[in-house]
Amino acid sequence: MRGDASRRILGGSAVSETIISTDVVEKSNAAREADLERDYASLGERLDRRGIAIDAIRDKVEKFAVAIPSWGVGTGGTRFARFPGTGEPRDIFDKIEDCAVISQLTQATPTVSLHIPWDRADPNRLKQAASRFGLGFDAMNSNTFSDAKDQKLSYKFGSLSHADAGTRRQAVEHNLECIEIGKTLGSKALTVWIGDGSNFPGQVNFAKAFERYLDSMREIYASLPDDWRLFTEHKMYEPAFYSTVVQDWGTNYIIAKELGDKALCLVDLGHHAPNVNIEMIVSRLIQFGKLGGFHFNDSKYGDDDLDAGSIDPYRLFLVFNELVDAELLGAKGFHPAHMLDQSHNVTDPIESLMLSAVEVQRAYAQALLVDRTTLEGFQDDNDALMATQTLKSAYRTDVEPILAMARLKTGGAIDPVAAYRQAGYRAKVAAERPAVAGGGGGIV
């Protein structure tokens with residue numbers, strides 16, 4: 001890692017394994033703790049009348065974690081243009097520092113998910129850099145949807161399903177490299193998403209392309225360590241706008257069944273047709289033991305990659321209603337991976353990721369409040385109105401005191417964004433990291 005830059009704290013002079021000075025966090029918390037105690041006690045009394053122990057909910061929230069995508073701490077873009085933010089990370093080591101800030105203030109994001117080749121570096125150095133901040137590594141992500149520098153063969157017309165055997169071989173080898181890197185880092189999963197498909201009718205043979213994909217994936221699957229999982233991710237469209245090889249959850253389920261027990265389906269909340277019932281998809285995958293995990297985000301029109309809970313927080317809650325139901329029932333093999341996957345174009349990425357992590361925790365806490373015995377009774381009686389009101393009762397409960405208390409008890413910030421801004425982290429890194437020039441997109 002570069003010198004001592006990553007070890008300096010803001011607002012203090014001591015060398016530390018935290019990025020933000022504990023003095024800044026403590027000062028921010030001191031201004032809010034008395035109000036939080038009152039709010040927490042008040043909520044506790046109301047929950048007690050419903051037969052719910054608030055401390056038990058808080059304890060579960062404390063243990064709930066979501067991974068940060070390394071690419072999420074940079075500024076995103078569109079197909080038209082990209083407008084860089086200040087203090088953008090220069091490399092994966094800057095990204096780790098930004099992720100450490102999110103983890104420190106929220107106490108909800110202890111792992112980072114890497115994307116290769118974007119984050120390619122000496123794995124031992126990466127592991128050392130992350131461990132200094134108490135961070136671990138989540139699923140590895142391969143990239144065969146764009147061409148890397150000095151890449152021999154192009155993925156313009158596909159990768160794992162490409163008509164050319166040499167291109168498929170190159171894509172397979174890349175995924176095998178990701179597994180090897182992940183083994184050193186302590187990762188336990190590989191996520192594979194491809195942009196393969198077609199833009200014109202007749203461009204590809206649907207069946208042959210899918211069979212080539214399955215053959216490639218079988219080889220990748222065979223190289224997984226025994227304690228690893230393989231997550232396959234579907235997406236309706238983009239960059240392939242006529243047909244996509246892995247286009248929906250049904251195809252994704254077929255893939256997972258074809259490959260074996262370690263193959264599971266990853267659900268990105270933005271990768272579905274408009275108005276699709278995502279929570280029912282989640283239920284189906286749980287029921288048949290093929291839910292691997294999530295990429296949490298939100299959308300208004302398509303795969304927008306907006307902040308989690310920013311558009312449809314009720315849908316996020318309904319997804320977690322299914323997850324908590326499976327958790328409480330002890331569904332076989334149920335341990336889904338949770339990760340954010342967002343693109344931040346007009347906000348500070350660190351602030352957006354902190355708030356998204358909180359929103360995911362919020363949906364989890366609300367789902368824990370559902371009176372499941374009462375709900376089941378209304379379902380059995382076909383009382384649609386009272387069944388939906390039972391869910392609404394949990395959703396309408398303001399669980400912010402629980403989330404804030406969980407952060408306080410674990411050393412985080414009662415108000416992560418306020419503490420972050422008081423620390424002046426963005427201004428500091430902006431002074432250290434060279435400005436990045438803006439760029440145009442592929443459409444004019």
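Is Y213 buried or exposed in this structure? Y213 is buried, with a relative accessible area of 1%. Here buried means under 20% relative accessible area, exposed means over 50%, and partly exposed lies in between (1.4 Å probe, protein chains only). The model is predicted: local features need pLDDT of at least 70, side-chain atom pairs count only at pLDDT 80 or more, and totals for chains, interfaces and linings use all residues. Residues are numbered from 1 along each chain as its sequence is written, and side-chain values use heavy atoms, with hydrogens and water left out.

UniProt lists residues 114-304, in an unreviewed entry, as "domain: Xylose isomerase-like TIM barrel". UniProt positions follow the numbering used here, feature names are shortened, and annotations may be inferred rather than shown by experiment. Over residues 114-304 the chain is 36% helix and 17% strand. The end C-alpha atoms of this stretch are 21 Å apart. Helices (H or I, at least four residues) and strands (E, at least two) are DSSP runs, numbered from the N terminus.

Strand β12 (residues 291-296) and β13 run parallel and are joined by four bridges. Two strands pair if DSSP finds at least two bridges between them. F296 has L340 as its bridge partner in β13. From β12 the chain passes through helix α10 (residues 313-329) to β13, in a right-handed β-α-β crossover. Right-handed means that, with the strands pointing away from the viewer, the path from the first strand over the helix to the second runs clockwise. In a regular strand, side chains alternate between the two faces of the sheet. In β13 (residues 337-340), A337 and M339 point one way, and H338 and L340 the other. All of these residues are buried.

Aromatic rings of Phe, Tyr and Trp (its six-membered ring) pair if their centres lie within 6.5 Å; planes under 30 degrees apart count as stacked, over 60 as edge-to-face and the rest as tilted. The count comes to 15 aromatic pairs. One of them is F210 with Y213: the ring centres are 6.2 Å apart and the planes meet at 10°, so the pair is stacked. Both residues belong to helix α7 (residues 206-222), where they are three residues apart and separated by about one helical turn. F210 is partly exposed, with a relative accessible area of 21%.

F296 and F320 form a pair with ring centres 5.5 Å apart and planes at 20°, so this pair is also stacked. F296 lies in strand β12 and F320 in helix α10, so the contact ties together parts that are 24 residues apart in sequence. F296 is buried at 0% relative accessibility, and F320 is buried at 1%. Ring pairs link F296 and F320 with F64, F294 and Y364 into a cluster.

Lysines also sit over rings. A charge sits over a ring if NZ of Lys or CZ of Arg is within 6 Å of the ring centre and within 35 degrees of the ring normal. The charged end of K262 sits over the ring of Y221, 5.4 Å from its centre. K392 lies over the face of Y314, at 5.4 Å from the ring centre.

S142 is in strand β6 (residues 140-142). Its relative accessible area is 3%, so S142 is buried. The S142 side chain makes a polar contact with the side chain of N175 (2.7 Å). A polar contact is a pair of N or O atoms within 3.5 Å; within protein, one must be able to donate a hydrogen and the other to accept it, and residues adjacent in sequence count only if both atoms are side-chain atoms.
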